[in-house]
Each structure stands twice: as C-alpha cells, then as structure tokens.
Amino acid sequence: MKKTIFDKIWDSHIVKEIADGPSVLYIDRHYIHEVTSPQAFTGLENRGLEVFRPNQTFATCDHNVPTINQHLPISDPTSRHPVEKLAENTKKHGITYFPLGDKRNGVVHIIGPELGLTTCGMTIVCGDSHTSTHGAFGNIAFGVGTSEVEMVLATQSLLQTKPKQMLIKVDGDLGKGVCAKDIILYIISKLGTSAGTGHFLEFAGSTIQSLSMEERMTICNMSIEMGAKGGLIAPDKITYKYLKERVYAPIGEAWEKSVQYWETLKSDVGADYDAVYQFKAEDIEPMITYGTNPGMGMAVTDRIPEDSNDNLSFIKALDYMGFTSGEEILGKKIDYVFLGSCTNGRIEDFRAFASIVKGRRKHPDVTVWLVPGSKQVESQLEKEGIGDILRTTGFEIRQPGCSACLAMNEDKIPSGKYCVSTSNRNFEGRQGPGARTLLAGPLVAAAAAINGVITDPREY
Amino acid sequence: MGFEKFTILKSGTINVPIENIDTDQIIPARFLKTTTREGFGKNLFYDWRYDNEGEMISSSELNNNKGEKILVAGRNFGCGSSREHAAWAIYDYGFRAVISSFFADIFKNNALNNGLLPVQVSDDFLNKIFKNPGSDIVINLPERSVTISLTGEREDFQINSYKQNCLINGFDDIDFLISGRQEIEIFENKRDRVL
Ligand code: SF4
C-alpha cells in the first residue's frame, strides 16, 4: 500500500491498537514548560509514580519570564512560583532543564530544533499547541493537554486516534517582500480556522521545498491556527544541513544511519489524502490580519472585507478591533510592534527585520519590543552585527521568552492599542485585556515600526 | 483520577451563540499561573463576565447561573491554545457537558480526559437548541443521543466505545496506559532507533 510520510512515522510508533478506540502511540521526545506541567507532576506523584523515561523529556521556562533583567529573581511572585516549581520537579525527577539565563534557554519550540533535540521521523509532544513547529523537520509533533503530559511522564505514550490527512501544495516563486509568514497567513485566510480540524497537514510543493528551516518552522507552527493537529514537511538536504552538528544531534556512525533512515521519510507517489489543496506562490502578497482570529487575514493592500451573512462573530470582531468593513488598512496608525515568538523569533526573522530598518530610524511614537526566541538567537544577533544595526536605528533588544505573544509576563499591550505582532494569535485579549493585534510577518512589522502606520514593506 | 461518572444528564443550558470561541476567551492566560487544577471556574470567560474595572457585568448570562450543567456554543469551540485549564475551568464552574457543532481537537481530548463531555451535533440541531433557550436538554451517553425536552427533537452523536466506557465508569487514559507499561517496554526494546 502507498503510504504518506505521516503513515510511515505513525505506523512505526504504534505500540498497540484498541478496538473501536484509540491506539497507544509511543512518544520519542517530550518538551515541558512551566505553565502546563506542574499539575501533571502533582498527578504523577499522587499516583506514586516515577517519570518513566526522564531522558526523553526536556524542560525550559519561557511563558512567564520577564524579558529584561533576567539575572534578577523574577519579581512577580505569581510568575516566579511556576518557574520554581519546574526547577523543583525536573530536579526531583532527573529531567534536563534549561533555566533562565542558561545559554540553551529560550522558547520551547525554538530551542528544540536549535539544540538538535528535534530531528526527523519522531513523535514529539509538548503541553503547548505550537508543538506543530517541529513538524518542519518531518515529525509527527502536536500539542497536548496537561493530563496527556502526565501520561507521557508516566508511560512515554499517549492514546491517540489516527487523524485524517490533508496535503497542502504551494508551487512557484514568491514575490519580493513576501515571506513564510505571509504564505501561512494566506493559506489560513483562504481555508479558515477550522479547515484542518481532525487532520494532520503535509506541506509540499516547490515553494515549500525552497524554504529554509526557519521558514518551514514558521509555516508548520501555524498549522494549529487552521485547527489541524499538526503539520509536517518531508525532510531533505536543507533539513540535514540544519541539524548537522547541533548539540544533541547524532554524530558519526549514528548520524549516517539516521540520515539513511530519514531519506525514507517521503510520501509515496500516489499516496492517499483525505483532502488536497493547491496554491500558487505568485498569488501571495504581504499579509496582515484585521480581525480576532488568524483566518481574518488579507493582503496589506486590500480593504477590510464585508461579511455577507451578518455574522455575529464577524461584527463582534471588527467592533473589538475598531475597524469598519470596506476600509483600507494601509496607513492605519499603530502603537506597538512585537517581533518574536515561536513563529517569528528566530535569527532569520531578525535578519529580515534589520534588512528594512537599516539606514532608517524607528518611529518615535511606536513602542517596539524585539524579543529573540532564545539565548542562541540573542548571541547570534551580536555575532552577525544585527544587534548594532538595530541599536543605531533606535531599537532595543530584550531578553528571550514568549513575551507579548501571550502577555503572561509584564509585556502587555494596553487596552485599545494597536500592535503589529509577528506572533500567531490575534484573539481578543491575547496580548493583554483589550489589546488589538494585527498579525504579520517580520517585514510588515519592520515597515510599521519605521513609519508608525501600516505600510507595504515592498516600498522599502 | 476521579471525575464524576457520566450516564444521563438532564439540565438547563447556558447558550453562547458565538463561533470560534478560543481557549484565551475561556480562560485568559493571566489566570494560568496557579500550579493546581482547582479554582479556575471563577475566572471562566472572565473578560465577558467582568468589565475593565473588574466589576461583574450583571447582564451576562454566565453571571446568572441557576445550576445549568450544559454549555451550548457556536461552531469551532475551544480552538487555539492547548491549555487544559479551559476544560478545568468549565468543569469547575459546574458544567458537565458542552454542545457545539464543531470542537477543536485538543480541547475535545482535554475535556474527555476530565469527565467533561463534548457533544457534537449538526449545525441545524444546534440552531434548534438556540431557538429554545429555556428548554432542558437531555444527554444520554449510553445511547449516544441528545434531546431538547421542550420539543422532543433528538439527535444522535458520536463517541468511540473506549471513551464512552471511560466516561460512564469515571476512568481515565492514564490508568489504561499505566496498565500497559510492560508492552511499552517490549516495544522500546524491539526498536532500532537512535534518540
Ligand atoms: S511564543 Fe507564544 S505561541 Fe510560542 S510557545 Fe510561547 S506563548 Fe506559545
């Protein structure tokens, strides 16, 4: 039988199947952070259990952490407490933990690949929906709830029903000023936020194959924004090149053997999908969202659409954003810009941002938070001289963490203010109560940071 | 782990006819800082129930709960973040079932793992419920059916037998997996993989 890459990985991880029920799926890699793990450890301890495979779980703190003065103790006790709990739990159970300040610390979905903990053909879970990011390397990677975190700690397995499969092909050459974020915002705007529900996505086609690993991660990261369980891209030479010599990546003979296996991770020609969509790269323009879910996106040059059927949710969204149907979004004044998150907090995103602001000045009325996704990204910025470019143009770089992506720390957008954000969610209140989020890629964000209004980055 | 067994539930409903209700609405991130599972109910749908000054919005149906155990919401309920706190908050508030015409995957799993039954009905049936806001609803899990008491209209829903049994008996997946640890070890030993 012809198999997709998903089938191949899935089949090789099934411990057993239950009649009219889920399967026991073995989990290779488990990441944990401070927000969704404490209750799982408590549950485990209440049952008197040890962690089954402590070497397969890795921990970082990212959601609650401040992005300035990380050398000081976390001042907000409600944020400090979960971070301390994580330190305590990982120590007690022999789990490797990258604490604040450690050179391997950062946002969980940035550091996994960066450290080579994420390779190819794996099953990977984390109590975090954007675990889909790791699919960029050809993995079945998906977010789970805290009960499931507990299951993995207890048994290195989960009960899972095999999802349906969807192929999304993008072919052709991207236009100037169009980046990976625009591709995924475009796809979600076309298919909607629930099109992927019950499905695992495979992204393919010449456009996808030409992308760097950073860009592929941006795409897979937002699979969940379509409601999909996850999204993956078959590994290739670009993947292996990225992984080679990463701290935890296999070396020597083990590396050769791994690559041999990874080479088999491709969908067979003629393999079956439950749904197939095709897009042309030429149709994609720099994108931005105007509403309160990631599907409410459009080209920056478009007007805010009308809703045909007086949909209550649509009216509520525009009302929240302070927008009206038919308006142009170009030229709208903005108050904040956030560059960061597991969607766009990698080195390439900072390179892209810097490419636009170089030789210009930050707009005086805009507050800009540039938050690297990890310590490694932070130090790379300095190595490449990007830090200098950003500082001389009036920007300041903060320290790594999730920051304004979900505003669990101090980095909150005030009520009613507009923020062009490179993160992944524009839900009501996501960046702080009443905050108005416009999702975009790093180029649109950079152009807005310079101009103080929504700007087409192709003008630069 | 201990949630109530679920067989037949008859109750009034609280209706929120809005689509794409995400888990950030269900429980905003700033309330996720406690490290236990309890007490999230008071912050359920916080930004809909309280104004900017933290004053209770008295017109919100969610602030006038008369013991309703069923939440009815528009399509694509529970999308967004994987936070299980969303399911905990709904359960802690007092709901035992959520009816919608579509659920986000992670939310559905989280709900089932906590004894909260997600009941997926057709858009048509969902509208019928919204049109009879005062009616009790009967959810019969052994029969896999949902009925609007006032009109007698009824629809069947799907759930796999494994999950159905878990809920009826108050079991969870962890108990099941732990009982199979030995098979998991055998599986590991058979594999030829570098991790
Ligand atoms: S950066 Fe945002 S989306 Fe990514 S893990 Fe952190 S909070 Fe979640």
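1. Chain B has an average pLDDT of 93, and 97% of its residues score at least 70. pLDDT is the predictor's confidence in each residue, from 0 to 100. For the complex, the predictor gives an ipTM of 0.91 and a pTM of 0.95. This is a predicted model, where local features need pLDDT of at least 70 and side-chain atom pairs count only at pLDDT 80 or more. Residues are numbered from 1 along each chain as its sequence is written.

2. Chain A is split into domain 1 (5-162 + 237-251), domain 2 (164-234 + 266-283) and domain 3 (287-459). These bounds come from an automatic or database domain assignment. The C-alpha centres of domain 2 of chain A and domain 3 of chain A are 22 Å apart. Their contact (heavy atoms within 4.5 Å) takes 19 residues from domain 2 of chain A and 24 residues from domain 3 of chain A.

3. About 1700 Å² is buried between domain 2 of chain A and domain 3 of chain A; carbon and sulfur atoms give 59% of that area. Buried area is the accessible area (1.4 Å probe) that two parts lose on being put together, summed over both.

4. The rule finds 1 salt bridge across this interface of domain 2 of chain A and domain 3 of chain A. A salt bridge needs a side-chain nitrogen of Lys or Arg within 4 Å of a carboxyl oxygen of Asp or Glu. A:Glu225 forms a salt bridge with A:Arg425, with the closest N and O atoms 2.7 Å apart.

Conventions
Chains lettered and ligands numbered in written order. Heavy atoms only, no water.
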